[in-house]
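This briefing covers the contact between two chains and the surroundings of a ligand.

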Amino acid sequence: MKKYITVPIGKEVSRTLKAGDYVYITGTIYTARDAAHKRMKETLDRGENLPLNWEGQVIYYMGPSPARAGRPIGSAGPTTASRMDKYTPELLDMGLGAMIGKGKRSPQVIEAIIRNRAVYFAAVGGAGALLSKCITKSEVLAYEDLGAEAIRRLEVENFPAIVVIDSEGNNLYETAAQEYAGK
Amino acid sequence: MREIKVQEITRNIKEMCIEANHFLSKDMADAMANAAASEESPLGRQILSQLQDNLKIAGEDMIPICQDTGMAVVFLEVGQDVHFEGGLLVDAVNEGIRQGYTEGYLRKSVVRDPLIRENTKDNTPGVIHFSIVEGSRVRIKVAPKGFGSENMSRIFMLKPAEGIEGVKEAVLTAVRDAGPNACPPMVIGVGIGGTFEKCALMAKEALTREVGRHSEIPYVKELEEELLARINGLGIGPGGLGGRTTALAVNINTYPTHIAGLPVGVNICCHVNRHVVRVI
Ligand code: SF4
């Protein structure tokens, strides 16, 4: 089903999203990938505060290519989410509302998604030029020294994504592939 | 003896890095267009049509096809009658990568040390493979490689008794495990034979063979066709979200090997299978 949502996202909205829904996302999202996750984990382990409160927010696993003059951002498609699996349950338990990436998640992440009524979206991998057109604004929020891996605040408009793991743990990667297997 | 200035190599590599990241080669572009027209799954078709739009935007607005503009893999076939002047060849290649990635607004994804992980900020060094061939020309192939799919690649050191069925199982296992992580539709490069490193290198080079062109060895061609059909029967589909188009091609290279071994390298590439060739 086609749906339009705004983010940050509340649990009352995540609950209505079902694996297989095609969603257009509008609002503010944040990028973070390997190095930013590692640094957030180290910050938490020292008992310090993160650069932002993740409650209801959306992480986009993405490291863009540099922007040409006059554009907010360069190519901007999703990266493989499983590399962040080690860090994700802790962020979900802190209230992280949703993630956008590509590829499978670990059983621990799926459990944490269910526990927190969160949601995992996939954006189309390798569609970075197209997806960049849905990003209207981009600014570095933290960890600027990490370059493409810094945490950025993005404004997105009708950003296309697909619900892959919903708040009940239904997993489109498993059900969809089965449907076409052996044909 | 033909003299070539290394600056000419630098200039070509720079242009090729930029070209590869904004325009798919014709074989790949055709394969993607065919897939978009023939996919059965509605969601799969929608994804493939987004990828068609993506290619159009990339070329028209000069935005890289994918934000992972890769680690630059360069194959240099150097005629043995060529003499390079003006500097070291390997430095000239890396200078081309540096200029291409900085001036071409490509992402810098290379870290100097695999464990200390400090970004080199200009995407150098590349991974460079030299070979010496006859003649007085230089054939350059630039193939920037994204790591979503690179990370799903595998080497299997099979026993000779496992034979062709073992090879098929190895390739299918690698593709099944890769699934959505490798940004399907994929291209699968396979190297069979040689040694541990030789099978991996053959698999990498197989990715740069034109999609749609088969091995000249009849049984290998049959194996390529059978594996492609079986992979597309796995149901993984575009984006891993179900469908018939899981791979666009299986390209296999072979080499003599040892009586005791059957090495199989499986290098997985996404649909952004970049390769540009120039002969100078
Ligand atoms: S696997 Fe390929 S298409 Fe996917 S993100 Fe990496 S380079 Fe891009």
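In this predicted model, 42 residues of chain A are in contact with 45 residues of chain B, contact meaning heavy atoms within 4.5 Å. About 3,300 Å² is buried between chain A and chain B, with carbon and sulfur atoms giving 57%; buried area is the accessible area (1.4 Å probe) that two parts lose on being put together, summed over both.

**Interface, chain A side**

- One salt bridge is found by the rule across the interface of chain A and chain B, the rule being a side-chain nitrogen of Lys or Arg within 4 Å of a carboxyl oxygen of Asp or Glu.
- Lys133(A) and Asp61(B) form a salt bridge, with 2.4 Å between the closest N and O atoms.

**Ligand site**
- Around the ligand are Lys102(A) and Gly126(A), together with Cys66(B), Asp68(B), Gly146(B), Gly148(B), Ser149(B), Cys183(B), Cys270(B), Val272(B) and Arg274(B); a residue is near a molecule if one of its heavy atoms lies within 4 Å of it.
- The site is shared between chains because residues from chains A and B surround the ligand.

**Conventions**
- Residues are numbered from 1 along each chain as its sequence is written, and chains are lettered from A and ligands numbered from 1 in the order in which they are written.
- Local features need pLDDT of at least 70, side-chain atom pairs count only at pLDDT 80 or more, and totals for chains, interfaces and linings use all residues, while side-chain values use heavy atoms, with hydrogens and water left out.
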